[in-house]
Amino acid sequence: MLFVLCLILEHAIPLPSLLCLVLYLIPYLLIGRETLWISAKRIVRGAVFDENFLMSIASIGAFCVGQYEEGAAVMLLYHFGEWLENRAVGRTRASVKALL
């Protein structure tokens, strides 16, 4: 919801770049803190190339080139996909359990 509010604000009112950065960092960090934390822990352990690391790099890269909405959207869509995957796996497990 906060991400959508940032999109509406940015396109309705011309905002300075620094304010846009701050506005998009808030939902980005709220949505992506777990992904960023997991990728940081795995980097320390030496397991660098996993999906958390790749999503972190893609979103951080978008922020670095000034595409703040892209960076936040990457993380939002990644987490939405994870939620859908977990839901599908849960339903599949329940169905298999019901068959047995």
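Please note that the model is predicted: local features need pLDDT of at least 70, side-chain atom pairs count only at pLDDT 80 or more, and totals for chains, interfaces and linings use all residues. Residues are numbered from 1 along each chain as its sequence is written, and side-chain values use heavy atoms, with hydrogens and water left out.

I begin with the chain as a whole. The protein chain has 4 helices and 0 strands, where helices (H or I, at least four residues) and strands (E, at least two) are DSSP runs numbered from the N terminus. The radius of gyration is 17 Å, whereas a compact globule of 100 residues would have one near 13 Å; the radius is taken over C-alpha atoms, and the globule rule is 2.2 Å times the number of residues to the power 0.38. Along the principal axes, the C-alpha atoms fill a box of roughly 60 × 35 × 15 Å. Of the 100 residues, 22% count as buried (under 20% relative accessible area, with exposed over 50% and partly exposed in between; 1.4 Å probe, protein chains only).

I turn now to the helix pairs. Helix α3 (residues 51-64) packs against helix α4 (residues 68-99) at an angle of about 155°, with the axes 6 Å apart. Axes here are lines fitted to C-alpha atoms, for helices over the stretch in contact, and angles run from 0 to 180 degrees between N-to-C directions. The two helices, α3 and α4, are therefore roughly antiparallel (over 145 degrees; under 35 is roughly parallel, 65 to 115 roughly perpendicular and the rest oblique). By class, the contact of α3 with α4 has 9 nonpolar, 4 polar and 3 charged residues. In this scheme Ala, Val, Leu, Ile, Met, Phe, Trp, Tyr, Cys and Pro are nonpolar, Asp, Glu, Lys and Arg charged, and the others, Gly among them, polar.

Helix α1 (residues 2-12) also packs with α4, at about 160° and with the axes 11 Å apart. The pair α1 and α4 is therefore roughly antiparallel. Their contact (heavy atoms within 4.5 Å) is made by F3, L7 and E10 of α1 and E69, A72, A73 and L76 of α4. These residues divide into 5 nonpolar, no polar and 2 charged.

Finally, which residues does P27 contact, beyond its neighbours within four places in sequence? They are L2, F3 and C6. P27 lies in helix α2 (residues 17-45) and is buried, with a relative accessible area of 3%.
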